[in-house]
Amino acid sequence: MTNSARKVVGILGNKALILKNLIEGHQKIVFFGGAGVSTESGIPDFRSADGLFNQELNTTVTPEEIVSHSFLKKHPQLFFDYYFKHLIYPSAKPNPAHAYLAALEQQDKSVTIITQNIDGLHQAAGSQKVLELHGSVQHNHCELCQKKYSLNELVRDENGIPRCDADNGIVRPDVVLYGEALEDVVIDQSIQAIKEADLLIIAGTSLSVYPSSGLIDFYQGEDLVLINKSSLTAESQATLVIHQAVGELFQQLN
């Protein structure tokens, strides 16, 4: 963080205005978003007090166990029952954060979105360059023949398991489950985008999940913005820190 940036923060005091000025003053922007970007679209996060992973289930297994590769293989019916009840939100719409970022692309700025979310709302808002670290529920494939299916094309059998119309194989979501590795190509593209950025905005994430949390270490640009309701350990490195709901903040930028 530069001394000039510290002076701007001290003089203006209006953090939404400061953020808007930072965005207007930079050309290569990377927005790194977590669950807090989508909560205002009605999609719950995972690890907060009211998050999915802290909800009680009528079973002896935990949500983390259910959304794992091994559980899908052993208990596909239970996996998909939980999946469609808790991870699919067909009525969710992009919120002001998604809309603002998509609109930035129309202003001749280079905008790369790196997201930990699997909902596809950035693309629904119109963003073109989106790197999905954990995949997307919008994309699925047959485990046997690899045939591709969109979320709307899924046909479930009597047990609620999506099946392929070509070979009756299980059609699973293209999301990274526990026990599976993130795709190397997505990690490499994310690292490259962060290295080339002159403004990095990290929003709606606690930066506690590895390897996503380590991506910030590749940033070499001048200004770093952190937006999160709770405090983060990386705040001492930031030009600007805003403790506010992400969508609510971006609504003020219009």
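**Ground rules.** The model is predicted, so I kept local features only at pLDDT of at least 70 and side-chain atom pairs only at pLDDT 80 or more, while totals for chains, interfaces and linings use all residues. Residues are numbered from 1 along each chain as its sequence is written, and side-chain values use heavy atoms, with hydrogens and water left out.

**Confidence.** I looked up pLDDT, the predictor's confidence in each residue, from 0 to 100. The mean for the protein is 89, and 89% of its residues reach 70 or more. Residues 1-12 have pLDDT below 50. Beyond near neighbours in sequence, this stretch has 14 contacts in the model (contact: heavy atoms within 4.5 Å).

**Six-stranded sheet.** I took helices (H or I, at least four residues) and strands (E, at least two) as DSSP runs, numbered from the N terminus. Two strands pair if DSSP finds at least two bridges between them. I read the order of the open sheet as β3-β2-β1-β7-β8-β9, with parallel pairing. Its edge strands are β3 (130-132) and β9 (240-242), each pairing on one side only. Neighbouring strands are turned by 15° against each other on average, direction ignored. For angles, axes are lines fitted to C-alpha atoms, for helices over the stretch in contact, and values run from 0 to 180 degrees between N-to-C directions. Helix α2 packs on this sheet and touches β1, β7 (199-203), β8 (223-227) and β9. The direction of α2 makes about 135° with that of β9. Ile-113 has Val-130 in β3 as its bridge partner.

**Three-stranded sheet.** I found a second open sheet, ordered β5-β4-β6, with antiparallel pairing. Here β5 (148-150) and β6 (171-175) are the edge strands. Neighbouring strands are turned by 40° against each other on average, direction ignored. Helix α5 (residues 76-86) packs on the sheet through β4 and β6, and its direction makes about 55° with that of β6. Strand β4 (residues 135-142) pairs with β5 over three bridges. His-141 is partnered by Lys-148 of β5.

**Helix α6.** Which residues of α6 (residues 96-104) are buried? I list Ala-97, His-98, Tyr-100, Leu-101, Ala-102 and Leu-104 (buried: under 20% relative accessible area, exposed over 50%, partly exposed in between, 1.4 Å probe, protein chains only). Their cover includes α2 (15-24), β1 (28-33), β2 (110-115), α7 (121-125) and α9 (246-251). At the start of α6, a side-chain oxygen of Asn-95 comes within 2.9 Å of the backbone nitrogen of Ala-97.

**Cysteines.** I checked for disulfides, counted as pairs of cysteine sulfur atoms within 2.5 Å. The count is zero. Cys-164 is in no disulfide either; its nearest cysteine sulfur, that of Cys-145, is 3.7 Å away. Cys-142 is buried at 0% relative accessible area, and Cys-164 is buried at 4%.

**Thr-205.** I placed Thr-205 in the loop between β7 and β8. Thr-205 is buried, with a relative accessible area of 8%. Not counting residues up to four places away in sequence, Thr-205 touches Gly-34, Gln-116, Asn-228 and Leu-232.

Notes
A polar contact is a pair of N or O atoms within 3.5 Å; within protein, one must be able to donate a hydrogen and the other to accept it, and residues adjacent in sequence count only if both atoms are side-chain atoms.
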